[in-house]
Amino acid sequence: MNLGTALSQGQKLLEDAGILAPRLTAEVLLAHAIGCRRSWLFAHSDEELKEVWWIHYGRYLHQRLAGMPTQYITGVQEFFGRDFRVTPDVLIPRPETEHLIEAALKDSVSTILDIGTGSGVIAVTLALETEARVTATDLSFAALEIAQANARHLAALVDFVQCDLGSALRDHAFDMVVSNPPYIAETDRAALQREVRDHEPALALFAGDDGLAVYRRLIPEAARLLRPGGRLIVELGLGTLDGVRKMLDARWREIEVIPDLAQVPRVLSAKLELDSNVE
């Protein structure tokens with residue numbers, strides 16, 4: 001069997017199973033099995049498929065057909081022009097989160113805190129794109145190991161701290177707090193794609209019955225951690241905007257909501273003006 005035939009057969013299997021983008025997925029999995037770039041496949045479609053390639057390719061196709069996301073099979077996801085390592089211990093970075101990065105880059109700050117860093121894509125990207133000192137926290141030791149590996153691989157200077165939100169950090173230490181918190185309601189669990197529901201970490205996905213549980217704790221925590229005039233930037237889940245807005249008391253000014261490419265409210269940015277009259 002040559003590579004072209006292997007791709008066609010893989011595409012057919014994925015297509016029959018209702019997997020999205022079956023041709024692209026087959027190409028990614030075969031390239032991963034061979035250890036080459038996808039572009040190499042196009043120039044070598046007549047080359048014979050080696051037995052070891054076939055063994056790996058077959059295993060990867062089986063995993064994908066069973067619902068495992070392609071990114072967990074290959075161990076890589078691109079974000080903001082860089083490749084990041086991902087495993088089932090961390091959420092797979094989405095393109096929508098790049099809107100949070102763009103919002104953060106509008107301000108020039110000296111210190112940034114990323115709460116719930118997961119794979120570290122936000123913290124590492126901001127460390128590489130700015131001159132700020134970046135700190136990142138996560139409750140999961142396993143996630144922090146992945147984030148640290150990504151920081152080392154990309155030569156990003158980030159301080160990692162294991163704690164719940166920012167509980168291990170001192171008051172008023174940061175110019176900016178950023179976060180992509182869990183925001184899916186537990187009641188929506190059954191409606192999720194199996195790739196998400198069955199394979200991505202629940203700790204990074206679910207936030208109570210209404211999806212707002214982490215925001216309720218995150219916003220007061222950000223107020224404690226930010227210096228006067230500091231800015232909070234958070235990613236929003238579908239339908240969470242109104243609930244998150246109501247959590248912002250009079251101390252929060254210059255509130256901006258940024259939509260994604262589908263015009264869904266995706267990022268909220270707010271500046272903290274400490275007011276002694278507001279508790």
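Select A132 first. Leaving out residues up to four places away in sequence, A132 touches V109, S110, T111 and I112; contact here means heavy atoms within 4.5 Å. A132 is found in the loop between α7 and β4. Helices (H or I, at least four residues) and strands (E, at least two) are DSSP runs, numbered from the N terminus. A132 counts as buried at 9% relative accessibility. Buried means under 20% relative accessible area, exposed over 50%, and partly exposed in between (1.4 Å probe, protein chains only). Now pick M176, 44 residues from A132 along the chain. The C-alpha atoms of the two are separated by 9.9 Å.

A note on the model. It is predicted: local features need pLDDT of at least 70, side-chain atom pairs count only at pLDDT 80 or more, and totals for chains, interfaces and linings use all residues. Residues are numbered from 1 along each chain as its sequence is written, and side-chain values use heavy atoms, with hydrogens and water left out.

Next, select T137 in strand β4 (residues 133-138). T137 is buried, with a relative accessible area of 0%. Apart from neighbours within four places in sequence, the contacts of T137 are L113, D114, I115, G116, T117, L144, V161, C163, L165 and L169.

Go back to helix α7, residues 121-129. Seven of its nine residues are buried, so α7 is largely enclosed by the rest of the structure. Colour the buried ones: V121, I122, A123, V124, T125, L126 and A127.

Move to helix α1 (residues 3-16) and helix α4 (residues 51-65). They pack at an angle of about 15°, with axes 11 Å apart. Axes are lines fitted to C-alpha atoms, for helices over the stretch in contact, and angles run from 0 to 180 degrees between N-to-C directions. The pair is therefore roughly parallel, a label for angles under 35 degrees. Show side chains at the contact. From α1 come L3, A6, L7, G10, L13 and L14; from α4, W53, Y57, L61, R64 and L65. By class, this contact has nine nonpolar, one polar and one charged residues. Nonpolar covers Ala, Val, Leu, Ile, Met, Phe, Trp, Tyr, Cys and Pro; charged covers Asp, Glu, Lys and Arg; the others, Gly among them, are polar.

Finally, zoom out. The protein has eleven helices and nine strands. Its C-alpha atoms fill a box of roughly 75 × 40 × 30 Å along the principal axes. Of the 279 residues, 49% are buried.

Notes
Angles under 35 degrees count as roughly parallel, over 145 as roughly antiparallel, 65 to 115 as roughly perpendicular and the rest as oblique.
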